[in-house]
Amino acid sequence: MNNNVRQRSRPIFSAGLAHGSSEFNDELFIKKKSLPLFRSWTWFLIFFTYLSIFVFVLYCDLIRFPSPVSVDSLKQSGEARGLQFSEERARNFVVELSSIGPKPTGSYENEVIAVDYITRQLEYIKSHTKPVNKIDIDLQKTSGCFDLTFKDGMTSCYKDVKNIIARIGPQKPTNKSIVINCHYDSVPTSPGASDDLVSCAVMLEILITLSQNDQALPNEVIFLFNGAEENILQAAHGFITQHPWAKTAVGFVNMEACGAGGKQMLFQADRERTWLLMSYANGAPFPQGSVVAQDIFQNGLVPSDTDYRIFDHFGNILVRLDFAYVKNGYVYHTKFDVPAAITEGAIQQAGLNLLNLIQNALTSPDMIKVENQTKVHLVFFDFMGIFMMVYRVSVATAINALIVVLSFLDMFLKCKRSGVPFKKKNAFNWQSCHDYDIELSRSICILCINCCCA
Ligand SMILES: [Zn+2]
């Protein structure tokens with residue numbers, strides 16, 4: 001027998017079948033010289049390639065964060081603030097709000113201390129705003145009832161829950177706005193640093209940046225600090241159904257957490273209108289997102305919900321995005337959800353992404369005519385947090401079909417090269433394939449032909 005084809009001992013599962021009793025022709029394989037494919041250097045190359053990919057993925061996922069920017073370095077830059085963001089200042093907001101402790105809706109900590117802290121920060125920012133833009137602040141107390149299809153369904157009623165709302169825009173109102181939402185309340189068992197104070201801190205820092213802009217904003221941004229999300233989604237309902245500013249909103253960005261640290265991830269998006277999604281994809285320097293996460297979440301595999309649902313069901317806002325921190329889910333709603341659990345650079349990543357998203361969205365002509373945007377169904381995902389891919393579902397379908405066609409074509413060509421008689425019925429069987437150490441793809445090829453032609 002040819003040395004390139006090693007005869008195995010009789011296969012276990014084929015006991016009782018006489019080797020060579022089929023119509024399998026040994027010579028077809030013997031004639032065909034097996035390639036010495038797996039020499040030692042080949043194994044080394046394969047191992048090195050896989051190791052490199054593994055290290056690259058780990059680097060992108062765990063290490064590749066922007067460097068946190070300090071307040072001093074912002075001052076020293078001496079430039080107009082532009083798109084600058086300071087993690088140091090945002091982290092201070094998180095630390096101070098977390099130090100209040102758990103803030104369940106209705107508690108003194110939530111209704112008085114947290115409200116007072118955020119309101120004072122907003123008033124301070126307002127007093128230092130450059131005159132080309134203006135900031136309006138409102139404290140909404142709201143009551144209502146609504147039905148929710150979450151889990152088995154429920155009716156939720158609330159009274160006097162609070163929203164702290166800041167709106168920044170040009171001196172002359174445009175009546176077109178984007179709502180950015182966080183919640184400052186927490187579950188009774190957690191200080192809620194990541195869920196969701198860090199998002200409120202990011203919003204405060206971005207409001208500072210926008211307030212120092214030397215140019216008038218093209219449209220308005222509404223920062224909604226809502227005080228009743230955890231039980232369940234009530235303050236968001238009060239805002240979107242009752243607050244007069246909500247009528248101007250054409251876009252909604254929600255920021256949440258079901259973990260702590262890591263990168264903030266886009267896990268739900270309006271996939272039919274491209275305005276906000278493309279503003280994020282084109283602008284975010286450290287994008288993170290996946291349409292797969294959206295499918296998992298919207299199919300109910302994650303027993304959780306966000307204000308995104310309220311804005312979807314009860315608002316007339318056409319375009320929405322939903323972000324969350326998803327790493328380290330074990331700290332979610334526990335006493336371990338503290339500022340120290342937030343990875344260094346994670347706030348900078350979220351802040352820069354959101355800031356660029358807002359800038360892109362405000363200047364996009366699509367914001368003015370979002371009602372007229374053509375509906376397309378989109379697929380989105382990031383590549384290692386480096387860039388974002390967004391394309392139509394029809395393109396995805398074409399790519400998938402092409403891969404299937406190329407796979408069959410590849411099989412066909414390999415069979416042809418190996419001299420396999422394509423149309424001959426029962427030319428090979430599993431016994432024959434298993435008896436020889438032959439190239440894997442060729443085995444698969446033979447099996448497929450056997451299935452298709454036999
Ligand atoms: Zn939350």
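Tutor: Helices (H or I, at least four residues) and strands (E, at least two) are DSSP runs, numbered from the N terminus. This is a predicted model: local features need pLDDT of at least 70, side-chain atom pairs count only at pLDDT 80 or more, and totals for chains, interfaces and linings use all residues. Residues are numbered from 1 along each chain as its sequence is written.

Student: How many helices and strands does the protein have?
Tutor: There are 14 helices and nine strands.

Student: What is the mean pLDDT?
Tutor: pLDDT is the predictor's confidence in each residue, from 0 to 100. Its mean here is 84, and 82% of the residues reach 70 or more.

Student: Where does pLDDT stay under 50?
Tutor: Over residues 1-23. Where pLDDT is low, the predicted coordinates should not be read in detail.

Student: New topic. Where is Met384?
Tutor: Met384 sits in the loop between β8 (378-383) and β9 (387-392). Its phi is positive, about 55°, although Met384 is not a glycine. Most residues other than glycine have a negative phi.

Student: Is Met384 buried or exposed?
Tutor: Exposed, because 12 other C-beta atoms lie within 10 Å. A residue is buried if 20 or more other C-beta atoms lie within 10 Å of its own, exposed if 12 or fewer, and partly exposed in between; C-beta atoms are placed from the backbone.

Student: Which other residue has a positive phi?
Tutor: Asn175, with phi near 60°. Asn175 is in the loop between β2 (154-170) and β3. Asn175 is exposed, with 11 other C-beta atoms within 10 Å.

Student: And the peptide bonds? Where is one cis?
Tutor: The bond from Asp195 to Asp196 is cis, with omega near 15°. Asp196 belongs to helix α6 (residues 193-211). Another cis bond joins Asn231 and Ile232, with omega about -25°. Ile232 is in the loop between β4 (220-226) and α7. Most peptide bonds are trans.

Student: Let's go inside. How much of the protein is buried?
Tutor: Buried residues make up 39% of the 454 residues.

Student: How many residues are in the largest nonpolar core?
Tutor: It has 96 residues, and Val202 and Leu207 have the most contacts inside it. Helix α6 gives the most to this core, with 12 residues. A nonpolar core is a set of buried Ala, Val, Leu, Ile, Met, Phe, Trp, Tyr and Cys residues joined through C-beta atoms within 7 Å.

Student: What is Val202 in contact with?
Tutor: Two residues are in contact if their C-beta atoms, placed from the backbone, lie within 7 Å. Leaving aside neighbours within four places in sequence, the partners of Val202 include Ala90, Met255 and Leu354.

Student: Which residues of α10 are buried?
Tutor: In α10 (residues 307-314), Asp307, Tyr308, Arg309, Ile310 and Phe311 are buried. Their cover includes β3 (177-183), α7 (234-242) and β7 (319-325).

Student: Last one. Where does UniProt place the "transmembrane region"?
Tutor: The unreviewed UniProt entry places this feature at residues 41-59 and 383-409. UniProt positions are given in the numbering used here, feature names are shortened, and annotations may be inferred rather than shown by experiment.

Student: What is the chain like over those two stretches?
Tutor: Residues 41-59 are 100% helix and 0% strand, with end C-alpha atoms 26 Å apart. Residues 383-409 are 63% helix and 26% strand, with end C-alpha atoms 28 Å apart.
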